Amino acid sequence: MAVAAREQAAVELVDLEQTSLRDLNQRLHDLARAPGPSAWRIVNPSGAHALACGIDAEVEVEIDGHVGYYCAGMNKRATVRVHGNAGTGLAENMMSGLVVVDGNASQSAGATGRGGLLVVGGDAAARCGISMKGIDIVVGGSVGHMSAFMAQTGCLVVCGDAGEALGDSIYEARLYIGGSVASLGADCVEKELRDEHAAQLSALLDAAGIDADPSGFRRYGSARQLYNFRIDNAGAY
Amino acid sequence: MCGIVGLFAKSPEVEERLGVHLAAMLGQMNDRGPDSAGVAVYRDPAPSGASKLTLFSPDPHEDWAALAAELGESFGGTPEPGVRSSHAVLVVETDAAEAEAWLRANRPDLRVMSAGSVIEIYKETGLPRDFVEQFSLTDLQGTHALGHTRMATESRVTTEGSHPFSTGFDLCLVHNGSLSNHNRLRRNLRREGIEFQTENDTEVAAGYLAWRMREGATLEQALEGCLEDLDGFYTFAVGTADGFAVLRDPIACKPAVLAETDEWVAMGSEWRAISVLPGAADATMWEPQPEIVYVWEKTPV
């Protein structure tokens with residue numbers, strides 16, 4: 001108990017049963033302009049939406065429990081760890097920093113993300129990494145259908161399986177899949193996994209703290225046939 | 001948008017407080033569906049040979065006792081109306097089909113919200129939080145229940161257009177989404193003898209399930225048929241006398257979360273709805289996969 005109390009003294013503890021979500025998010029936003037606590041612990045999130053959204057500061061935020069939609073959206077520089085599951089749109093449009101969810105994430109995790117690293121320890125549902133633009137995403141479990149749809153750049157690493165239409169209309173993102181792929185989307189093909197890719201994959205697994213054997217993975221990417229509209233490809237749309 | 005909740009009790013304690021839990025879950029989904037709200041609660045089985053109906057009257061001064069007396073004269077017994085706001089539950093000493101036929105002939109102004117032996121449906125326009133108060137939901141005990149909060153897209157905001165929809169005995173459906181082929185399907189189902197009270201898309205899905213099950217399909221088979229025959233977006237929760245089932249369409253853009261403990265199984269559009277249940281923090285929680293039918297049923301005693 002004494003140890004716990006000492007640890008908590010250094011950490012800003014916010015109980016969402018006592019503090020409103022809006023007040024908490026405002027305090028986190030204020031860190032972009034004025035110094036404040038560098039470590040935060042949020043308890044009783046009870047599935048609240050837009051929790052720890054829009055932080056622009058080098059802080060560490062830990063959340064004990066399940067979160068709702070759009071958690072850690074637009075994150076810049078901060079580390080946000082969720083000890084639970086996350087709803088739709090986790091780390092949507094993340095710019096930089098690190099977001100880690102111990103459990104599962106609902107659909108559209110990491111959507112449109114521009115940078116940083118998103119780690120989902122369990123499964124991510126449909127449309128993981130949709131339109132990703134530079135973010136790296138590492139999923140310990142499996143992802144649902146239409147993941148990496150129109151993914152532009154960055155890497156999606158999936159240790160388990162991928163659902164239907166993986167990488168549909170993909171641009172230059174790299175997809176590393178450890179398990180099976182239900183089906184590939186239009187213009188997504190398997191590609192050779194060369195040494196540079198193996199090194200990138202290992203580095204991403206290390207950064208995510210996920211213990212998986214990189215040798216079993218396959219790489220998928222764009223066949224680059226749909227970049228410009230060609231009437232011959234009409235059937236693929 | 002719309003919000004859906006479902007709760008299946010696995011212990012007598014949860015059965016005892018089913019209404020309290022259901023009201024709390026519905027309250028959490030208030031903002032997803034501020035147009036109307038409704039619940040289906042499975043409780044108090046009617047005695048063998050009798051049936052239970054939930055009726056809605058648009059007349060706030062409806063004399064339910066007089067109606068009960070008339071039903072008693074026609075079918076025997078002394079039915080006691082269980083009145084909750086604009087609705088009343090009546091146990092009638094005949095089968096549900098007979099009782100419905102009598103009501104159609106004698107009281108066409110009343111709407112049969114549900115019929116069967118265990119189901120009770122209450123639904124009304126207005127804020128879900130107000131609905132919970134208006135219908136004293138926290139009093140209710142039961143084995144399982146579904147609830148819905150509506151943000152209307154496909155048809156008018158009326159009591160009849162609120163969810164749950166029931167077109168079969170002890171069967172009901174709540175829906176988050178919208179169906180695009182409901183008009184044609186309604187025409188086809190009418191030819192099969194399924195009756196509809198509204199122009200609502202969800203009522204057609206409920207009618208489709210009733211038709212498939214009438215033709216011999218199990219609940220699971222009927223739901224799998226939805227994947228072929230319904231066009232549109234849906235997360236469905238279906239209640240039967242014994243339990244409930246959940247299905248999401250192949251695209252699965254309408255949300256759903258499932259959670260289970262030793263005490264209960266719950267579903268909700270969002271985790272917020274489930275987080276108010278006792279022991280929720282330690283529940284096993286997962287997102288239902290598209291195109292997979294999930295079913296929980298009471299084991300027959």
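Because the model is predicted, local features are given only at pLDDT of at least 70 and side-chain atom pairs count only at pLDDT 80 or more, whereas totals for chains, interfaces and linings use all residues. Residues are numbered from 1 along each chain as its sequence is written, with chains lettered from A and ligands numbered from 1 in the order in which they are written.

**View 1. Chain A as a whole.** Chain A holds 3 helices and 11 strands, where helices (H or I, at least four residues) and strands (E, at least two) are DSSP runs numbered from the N terminus. Read from the N terminus, its elements follow the order α-β-α-β-β-β-β-β-β-β-β-β-α-β. The C-alpha trace of chain A spans about 65 × 35 × 30 Å along its principal axes. Of the 237 residues of chain A, 49% count as buried, a residue being buried if 20 or more other C-beta atoms, placed from the backbone, lie within 10 Å of its own, exposed if 12 or fewer do, and partly exposed in between.

**View 2. The surroundings of G87(A).** The loop between β4 (79–83) and β5 (98–101) of chain A contains G87(A), a buried residue with 28 other C-beta atoms within 10 Å. Leaving out residues up to four places away in sequence, G87(A) touches G47(A), V67(A), G68(A), Y69(A) and S106(A), as well as E270(B) and W271(B); two residues are in contact if their C-beta atoms, placed from the backbone, lie within 7 Å. By contrast, 26 Å separates the C-alpha atom of G87(A) from that of A32(A), a residue 55 positions apart from it along the chain.

**View 3. The side of chain B that touches chain A.** In this interface 10 residues of chain B are in contact with 12 residues of chain A. On the chain B side, α9 (271–274) and β15 (284–286) each supply at least two residues. By class, this side of chain B has 6 nonpolar, 1 polar and 3 charged residues, with Ala, Val, Leu, Ile, Met, Phe, Trp, Tyr, Cys and Pro counted as nonpolar, Asp, Glu, Lys and Arg as charged, and the others, Gly among them, as polar.

View 4. All 6 of the 6 residues of β5(B) (residues 87–92) are buried, so the strand is largely enclosed by the rest of the structure. Both of its faces are covered, with H87(B), V89(B) and V91(B) on one side and A88(B), L90(B) and V92(B) on the other. Two strands pair if DSSP finds at least two bridges between them; β3(B) (residues 51–56) pairs with β5(B) in the antiparallel sense over 6 bridges, F56(B) being the bridge partner of H87(B). Strand β4(B) (residues 82–84) is also antiparallel to β5(B), over 3 bridges, among them that between V83(B) and A88(B). Between β4(B) and β5(B), which form a hairpin, there are 2 residues, and S85(B) in the turn has a positive phi of about 55°.

**View 5. The largest nonpolar core.** A nonpolar core is a set of buried Ala, Val, Leu, Ile, Met, Phe, Trp, Tyr and Cys residues joined through C-beta atoms within 7 Å. Of the 91 residues in the largest one, L7(B) and A205(B) touch the most other members, and helix α7(B) (residues 201–214) gives the largest share, 7 residues.
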